[in-house]
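Trainee: Could you walk me through this structure, one question at a time?
Mentor: Gladly, let's look at it together.

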Amino acid sequence: MANNCSYLFSLFCCLTFAILPDKANSECSLGWNHYGKSCFFFSHESFNWLDAQSSCRAHNSRLAEVQSKAQSDLLKNLAKTNGPGQSYWLGGRDDIIEGIWMWASTDSVFNYTDWYPGQPSGGSENCLHMHAPYGLKWNDVTCTNGYRFICEKEYSGDGSEVVG
């Protein structure tokens, strides 16, 4: 009898873990894509850079900050899926010190770049976007232009993100 209980308990545990979702593997909120320690949202509206940044902040996020080639490749693939032929704002700028590109949320200098050849061009082009005609490689452009944008927020791992 003890062996049967032990067997049934083990079976119950195995079935429970197989059926119940694993919180460590839960996904981001609806409409957001999980990668690494972040969730990403691709807008379907076009805004200037400041309004795009404000829209992200309204969702407890920031304009996306690309930290690696793997992350860049993922965002390019998702951009092609979410809006073929569309360009997307990222969270980089050089308006504080011309030629020094920083992430807006932290003022940290880029540790990875994916510039299109000949970019950045400088001058009054102080905001960063993934430019569709350049294969979604990076381009600096005037911040008042209207583009779609990518928001990024921390992945909590518990599925508790709320999109308003």
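Trainee: In which sense do strand β3 and β8 pair?
Mentor: Strands here (E, at least two residues) and helices (H or I, at least four residues) are DSSP runs, numbered from the N terminus. Two strands pair if DSSP finds at least two bridges between them. Strand β3 covers residues 62-63 and has two bridges to β8, with L63 opposite C151. The sense of this pairing is antiparallel.

Trainee: Before we go on, what kind of model is this?
Mentor: Residues are numbered from 1 along each chain as its sequence is written, and side-chain values use heavy atoms, leaving out hydrogens and water. Local features need pLDDT of at least 70 and side-chain atom pairs count only at pLDDT 80 or more, while totals for chains, interfaces and linings use all residues, because this is a predicted model.

Trainee: What is the mean pLDDT of the protein chain?
Mentor: pLDDT is the predictor's confidence in each residue, from 0 to 100. Over residues 5-25 it stays under 50. In the protein chain, 80% of residues reach 70 or more, and the mean is 85.

Trainee: Which residue in β8 is the bridge partner of F41?
Mentor: Strand β2 (residues 38-42) runs antiparallel to β8, and five bridges join them. Within β8, F41 has as its bridge partner C151.

Trainee: Why is strand β8 described as largely enclosed by the rest of the structure?
Mentor: Buried means under 20% relative accessible area, exposed over 50%, and partly exposed in between (1.4 Å probe, protein chains only). Strand β8 spans residues 148-154, and it is largely enclosed because the number of its seven residues that are buried is six.

Trainee: Is S72 buried or exposed?
Mentor: S72 sits in helix α3 (residues 69-82). Contact means heavy atoms within 4.5 Å; beyond its neighbours within four places in sequence, S72 is in contact with V66, Y112 and D114. Its relative accessibility is 2%, so S72 counts as buried.
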